[in-house]
Amino acid sequence: MRITGGKLKGRIIKCPDGVIRPAMDRMRESVFSILGDLSGKSWLDLFSGSGTIAIEAVSRGADDVELCEKDRIKVNTVLDNVSITEKECGIKIKCHFMPVEYFIKRCKRSFDYIFFDPPFPYKFHADLVEQVDKNGLLNKSGTVLVHRPEEHQMPDKIGKLVRSDQRIYGRSIVDFYTYSQ
């Protein structure tokens, strides 16, 4: 895997052992192009896997980035990968190694962007977005992005969040949710 844009463009990211389905380069490049410059923005990468999405956010300007991954097999690889951002960009990615569901319940702050990339068999996408809304994890002008397979449908409205965009990449879909205006 490689970083597709920004300060770290072209940087190779290690893939951890265990089950992983890395986000496609084309999908990541497209999503980050849609979002534009992330300078001064906060980012939360949930179901982080290798940490690639969090690193991509830093590469494109985000300066307050956290990630969450529950698979302990991936810890060393994630920590090695995110150390790149500190060395080359001066930004430290805060890492949480626990189930995402538990992290969402415990988190006491909010973010500009929250990216969900659960394993494709995972079926609780909408439930997690609802918890993000209820627990106030998203800033009022923020965006939740949910990467999912086409067979897992998502509603147009979840709590106070509405689907504002949707992009299709083969059998993968990324839904964008924002607060209704």
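Ser172 is in strand β8, where helices (H or I, at least four residues) and strands (E, at least two) are DSSP runs numbered from the N terminus. The model is a predicted one, in which local features need pLDDT of at least 70 and side-chain atom pairs count only at pLDDT 80 or more, while totals for chains, interfaces and linings use all residues. Residues are numbered from 1 along each chain as its sequence is written, and side-chain values use heavy atoms, with hydrogens and water left out.

Back to Ser172. Its relative accessibility is 8%, so Ser172 counts as buried; buried means under 20% relative accessible area, exposed over 50%, and partly exposed in between, with a 1.4 Å probe and protein chains only. What does Ser172 touch, not counting residues up to four places away in sequence? The list is Met24, Phe120, His147, Arg148 and Arg167, with contact meaning heavy atoms within 4.5 Å. His152, 20 residues away in sequence, has its C-alpha 9.9 Å from that of Ser172.

Past the end of β8, which covers residues 172-179, comes the segment that holds Ser180. Ser180 is partly exposed, at 44% relative accessibility. Leaving aside neighbours within four places in sequence, Ser180 is in contact with Lys160 and Val162. Between Ser180 and Glu151 there are 29 residues of separation along the chain and 26 Å between C-alpha atoms.

Now the overall architecture. The protein has 5 helices and 8 strands. Read from the N terminus, the order is α-β-α-β-α-β-α-β-α-β-β-β-β. The radius of gyration is 15 Å, close to the 16 Å from the globule rule for 181 residues, so the protein is as compact as a globular protein of that length. That radius is taken over C-alpha atoms, and the rule is 2.2 Å times the number of residues to the power 0.38. The C-alpha trace spans about 40 × 35 × 35 Å along its principal axes.

Of the 181 residues, 53% count as buried. Among contacts between residues at least 6 apart in sequence, 64% join residues at least 24 apart. The protein exposes about 8,400 Å², and carbon and sulfur atoms supply 50% of that. The areas come from the Shrake-Rupley method with a 1.4 Å probe, and for residues only the protein chains shown count as cover.

Next, helix α2, residues 52-59. Why is α2 described as largely enclosed by the rest of the structure? Because 8 of its 8 residues are buried. They are Thr52, Ile53, Ala54, Ile55, Glu56, Ala57, Val58 and Ser59. The cover over the buried residues of α2 includes helix α1 (25-35), strands β1 (42-46), β2 (64-68) and β4 (111-116), and helix α3. Just after α2, Gly61 takes a positive phi of about 115°.

Most residues other than glycine have a negative phi. Phe47 is buried, with a relative accessible area of 15%.

Helix α3 covers residues 75-89 and contains Asp80. Asp80 is partly exposed, at 39% relative accessibility. From Asp80 to Tyr113 is 33 residues in sequence and 23 Å in space, C-alpha to C-alpha.

How many aromatic pairs does the structure hold? There are 5. Rings of Phe, Tyr and Trp (its six-membered ring) pair if their centres lie within 6.5 Å; planes under 30 degrees apart count as stacked, over 60 as edge-to-face and the rest as tilted. Ring pairs link Tyr113 with Phe32, Trp43 and Phe115 into a cluster.

Two charges sit over rings. The charged end of Arg109 is over the ring of Phe111, 4.0 Å from its centre, and that of Lys140 is over the ring of Tyr179, 4.3 Å from its centre. The criterion is NZ of Lys or CZ of Arg within 6 Å of the ring centre and within 35 degrees of the ring normal.

Last, the cysteines. The structure holds 0 disulfides, a disulfide being a pair of cysteine sulfur atoms within 2.5 Å.
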